[in-house]
Amino acid sequence: MFIGTKLWNNNHRPERVRPAFEASLKRLQLEYADLYAAHTPFAFKPGDEQDPRDENGKVIYDEAITLLDTWKAMESLVETGRCKAIGLSDVSLAQLQEIFSAARVKPAVVQVESHPYLPQWELLDFCKQHGIVMQAFAPLGHAIEPKLLEDPVITNIAKRVNQTPAQVLLAWALQRGTALLTTSKTPSRIRENFEVATLPETAMKEISEGIKTEYRFNPVTQTGIPGFIPRGR
Ligand SMILES: NC(=O)c1ccc[n+]([C@@H]2O[C@H](COP(=O)([O-])OP(=O)(O)OC[C@H]3O[C@@H](n4cnc5c(N)ncnc54)[C@H](OP(=O)(O)O)[C@@H]3O)[C@@H](O)[C@H]2O)c1
């Protein structure tokens, strides 16, 4: 088992990082974590409120610190031995580069939304160049509109290679060199998602070059507030 957990936005102040991490370990009943990642690059108002809002319902951000300040506090967790690696989530390439160039402990993992509608090729290239694992979340497009699982490029390849559209999308993610985070509450789909077969290079190319739709399903990178926006099924 590889266990990772995350630092939430209200705990970005350096002095809050260690207590937040220790509280996570306690809840998980663990002596150490394999990975601790900053959930988003956004610092919210420090305090125990996870979703601090002003009287107009707007998120209250903490302008007094930077992601690098938070990162430095995360680095010291690795030095305690209670955390084997640290990572980032929902960052842009520019944000990753800034942290990477200043970091003593380099990010081990970067978790971002990624699928054929949001391939993030430049980010992936940077990660590969520097030995960072890019972990793709929503590799199936979260199964909401616009439905990646029903994209004709994907469904045609699925028929040709005798796999399901989900298996084609997962194979594409793995073969291009990302780790992935998919989820299902359906036992048959969970099994299906483990039975992924290698795609021919022609199919990889068709997906990478033939799909022109560009779509981000999760607006967390703009606001720090997580959640998919369903657009009807
Ligand atoms: N870093 C972040 O900000 C962030 C944000 C969002 C998510 N995440 C992480 O990423 C994980 C995965 O994201 P996601 O849920 O969007 O993943 P996803 O794999 O793109 O979508 C999951 C959806 O696809 C359906 N599905 C799964 N396997 C399928 C199959 N074989 N055929 C057809 N449909 C299938 C599931 O339906 P059923 O469950 O009904 O089977 C579920 O509705 C989350 O659990 C979370 O841990 C991270």
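The model, which is predicted, contains zero disulfides. C83 takes part in no disulfide, and the cysteine sulfur nearest to its own, that of C127, lies 18 Å away. A disulfide is a covalent bond between the sulfur atoms of two cysteines. Because the sulfur of C127 is 18 Å from the closest cysteine sulfur, in C83, the distance is too far for a bond; the cut-off for a disulfide is 2.5 Å.

Are these two cysteines buried or exposed? C83 counts as buried because its relative accessibility is 2%. C127 is also buried, with a relative accessible area of 0%. For comparison, the limit for a buried residue is a relative accessible area under 20%.

## Helix 1

Helix 1 consists of 15 residues, covering residues 14–28. At 1.5 Å a residue, a helix of this length should span 21 Å, and the 22 Å between its end C-alpha atoms agrees with that value.

Which residues of helix 1 are buried? They are V17, A20, F21, S24 and L25. Viewed down the axis of helix 1, these buried residues fall within an arc of 135 degrees, so they line one face of the helix. An α-helix has 3.6 residues a turn, so residues three or four places apart point the same way. The cover over the buried residues of helix 1 includes strand 1 (4–7), strand 2 (35–38) and helix 2 (67–80). On the face of helix 1 turned away from its buried side are the exposed residues E15, K26 and R27.

## The chain as a whole

The protein chain has nine helices and six strands. Its radius of gyration is 19 Å, close to the 17 Å that the globule rule gives for 233 residues, so the chain is as compact as a globular protein of that length. The C-alpha trace of the protein chain spans about 55 × 40 × 35 Å along its principal axes.

Of the 233 residues in the protein chain, 44% are buried. The protein chain exposes about 12300 Å², and carbon and sulfur atoms supply 52% of that area. Where contacts in the protein chain join residues at least 6 apart in sequence, 68% of them link residues at least 24 apart.

Terms used
Residues numbered from 1 in each chain as written. Predicted model: local features only at pLDDT ≥ 70, side-chain atom pairs only at ≥ 80, totals over all residues. Heavy atoms only, no water. Buried < 20%, exposed > 50% of the residue type's maximum accessible area, 1.4 Å probe, protein only. Helix = DSSP H or I, 4+ residues; strand = E, 2+ residues; numbered from the N terminus. Expected span 1.5 Å × (residues − 1). Arc of directions from axis to C-beta. Contact = heavy atoms within 4.5 Å. Rg over C-alpha atoms; globule rule 2.2 N^0.38 Å. Areas by Shrake-Rupley, 256 points an atom, 1.4 Å probe, with all protein chains shown as cover.
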